[in-house]
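Here is a short briefing to keep beside the viewer while you look around. Take a moment with the structure, then read on.

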Amino acid sequence: MATQATFRIWRGDPSGGKFQDFVTPVDEGMVVLDAVHRVQAEQAPDLAVRWNCKAGKCGSCSAEINGMPKLMCMTRLSNLNLEMPVIIEPMHAFPVIRDLVTDVSWNFEVKKTIRKFKPRSPDAPDGAWRMQQADVERVQEFRKCIECFLCQDVCHVLRDHHKQDEFIGPRYLVYAAALEMHPLDTEDRVSDLKKKHNIGYCNITTCCRQVCPESITITENAIIPLKERVVDRFFDPLKQLFNII
Amino acid sequence: MPEFRRYSYDVLIIGAGGAGLRAAIEAAANGASVGVVCKSLLGKAHTVMAEGGVAAALANVDDRDNWRVHFADTMRGGQYLNNWRMAELHAKEAPECVRELEAWGALFDRTKDGRILQRNFGGHRYPRLAHVGDRTGLEMIRTLQDHGIHTGMQVHMECTVLNLLLDSGRIAGACGYDREKGLFLVWQAKAVVLATGGIGRAFKITSNSWEYTGDGHALAYRAGAELKDMEFVQFHPTGMVWPISVRGILVTEGVRGEGGVLRNSEGRRFMFDEIPDLYKDQTADNEEEGWRYTQGDKNARRPPELLTRDHVARCINREVKAGRGTPHGGVFLDIAWIKERMPKSEEHIKRKLPSMYHQFKQLADLDITKEPMEVGPTTHYMMGGVSVDGDSQMSTVPGLFAAGEVAAGLHGANRLGGNSLSDLLVFGRRAGRYAAEFAKGNPAATINEAELQASAASALAPFERGPAGENPYKIQYDLQESMQDQVGIVRTESEMERALEILEQLRARAERAGIAGHRQYNNGWHTAMDLDNLLLVSETIARAALLRKESRGAQFREDFPNKDADWGKCNIIVKRGADGAMLVEKRPLQALPPELKAVIEEMK
């Protein structure tokens, strides 16, 4: 492994910015976030970076590394070509606050617009429910989400078409799926998904699924089943005919 | 003069991990207007890292379990220095708090008959930890977050509190700054709940993230509240040791709960070599029995790998010091060996410990289904904290409450795994309820404007000193190095005296810390701001550890290696004296009521 490497880090704020090169020593086992921390401690104390757990569990240190949306804490330098500068940029789909930190507050607002969990009445006299592991597992996959927003970052509806006002993005389709498929939930979100959250904007390019650090099968397991529910409710030709009659 | 953006609430919650969110939900449910200050984004607090599970005597897996057993286990684990009232309430209320999470959408793993599944954990007599694979904390914080956002609470993300504000001895609110823009804020409040978590960043090797700089401990101390049990810092026995950049990251106790074993470089299961008297009757004396226990045999006793964390951490330390460690200075934790005992063990491990599989595969190029892990102790949890009333969680400052890791009492000298997640539910709920009640009974107090301006001026000082001042990252690093070496797992008087001298020098350096740039999302500034709190809690830890001249629970003194009966009857209180000097004093425990004493006797 190389003993030092160049990190080309985007620095700036909403008014603009540019890349700045930092050369720093690298050791075995280091991840990109370690290198960023080293630069921060030794060369650029005011370099802005958001991070927390450094173990891939909190989803705070999302960035674009050599053009790929990734968690900085889970990207090992040994998997990158250190002959070339390692390019580190903030996520593109969200407004920049400073350097590598973006304003992701929109995501938290979107979550509030999704109808909350509404359980059926308890099954047993102890006030609890009975559920089978197999039924729970389907939703547990979605609940692995660490809200890193990399799927939102890579979604072209948000990133390229800036439809933040109309479309909730893959993270919240997964969230809605987790609620819709929850064994205890009794709420109905199908109409909202079509009319308010515009699930139809998603044309299943699977980019979101490919960048998910938790390997959630976003497209196939969450979005497509929701789309099917919308289609069943609103576009079933027989039902439409029946409605006309 | 810097401007302050102003907010006013009945109840202000500082911290948005499990305890903070649970308190916020409860305060809102009791009719209070609620503001929540969180240091990071919502849902990223350290609760997210909790892996193994939440302890509650639901008795779903073993019907011999009940609150009395859980209470006795918690007291034994804490070496009887616990606040018995908290241990009692905790054991009684945890099951209901776990069921409440299910009603809010949490999906725990299930038993065959569809109830919440529970697993074995160190120091718990029966399988007691409700869990979701090894990502229980994520499930809990997300459930609380998703439920909480519909209760009307106002969340202030990425804000750090600088000071608590008082009005003639009563809480009046808090002031701080927001990281994103660097603005100063003041939150007026009738009651304040501290839920700021721990102090892990005072040490070099830790499982804690950058946030855990003892903020709540320091805020409470400066506001005049009493701190308790500060000498008891939990070193979790199993953190990653290699590669160096991931050193300290937690490896869940669940690995041992599922049958993982500890071995030294000679291949010996060294945990069988020393079993404390307190646990002799409950611990297996052969490998066969230990294995049967992990597989649910109710007649088997637990393997010594599942002894309490303080003990396991010390045994690992002993092996490494004796030259029987791994190449990178740890010991081996082996779950792959279970292939000798069960078919399809690889799938079993991946299903039971998915995050661990993922973590080692990605960060260390190691497949835990095939090879043993290398692990060593890592600073994990603070048993000590704000001294509170067991029922209401109010500190000695009227209107100031504390819940979760920042509060002291439940865990005594050593915490059992799984008891922190139940702690934050039970006492988050209580703190929220009593804070709302306090707010109803007391009018808003007045904010002292001069105090606000003084806070802002001191916060801005590092900018005035500029980049020519001391590098705050370097000061923090030196502090961590000193605490790790001199106030770590094994302590002696001379080393701790030395640490206190170093802390004094570091404090002088911190006063010279300088930074470049401006207030907007400036990590250097944030690091400089956290130094004060880190230095203060480090001093409280060192002073309390010096005073307790015995070894008990998480405190191990090389110069006093045994328990001392007299010290077993006392807590240590740390508070600020009238002259500003730090007072450290011995205080006798509250007498245990006869009915609880009987429970402990019965479970012995």
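The points below go from the fold of one chain to its contact with the other.

This is a predicted model. Chain A has 245 residues, and its secondary structure comprises 10 helices and 7 strands.

**Fold and dimensions of chain A**
- The C-alpha trace of chain A spans about 70 × 45 × 25 Å along its principal axes.
- Buried residues make up 55% of chain A.

**Surface and charge of chain A**
- Chain A has an accessible surface of about 10600 Å², and carbon and sulfur atoms account for 52% of that surface.
- On the charge side, chain A carries 32 positive and 33 negative side chains.
- The centres of these two sets of charges lie 4 Å apart.

**Interface of chain A and chain B**
- Chain A brings 57 residues to the contact, and chain B brings 60 residues.
- In chain A, the residues that lose the most area to chain B are A:N52, A:K57 and A:R143, which together give 14% of what that side buries.

**Salt bridges across the interface**
- How many salt bridges cross the interface of chain A and chain B? There are 7 of them.
- A salt bridge joins the side chains of A:R50 and B:E180, with an N to O distance of 3.5 Å.

Note on methods. Residues are numbered from 1 along each chain as its sequence is written. Chains are lettered from A and ligands numbered from 1 in the order in which they are written. This is a predicted model: local features need pLDDT of at least 70, side-chain atom pairs count only at pLDDT 80 or more; totals for chains, interfaces and linings use all residues. Side-chain values use heavy atoms; hydrogens and water are left out. Helices (H or I, at least four residues) and strands (E, at least two) are DSSP runs, numbered from the N terminus. Buried means under 20% relative accessible area, exposed over 50%, partly exposed in between (1.4 Å probe, protein chains only). Accessible areas come from the Shrake-Rupley method with a 1.4 Å probe; for residues, only the protein chains shown count as cover. Lys and Arg count as positive and Asp and Glu as negative; His and the chain ends are not counted. The place of a charge is taken as NZ of Lys, CZ of Arg, CG of Asp or CD of Glu. Contact means heavy atoms within 4.5 Å. Buried area is the accessible area (1.4 Å probe) that two parts lose on being put together, summed over both. A salt bridge is a side-chain nitrogen of Lys or Arg within 4 Å of a carboxyl oxygen of Asp or Glu.
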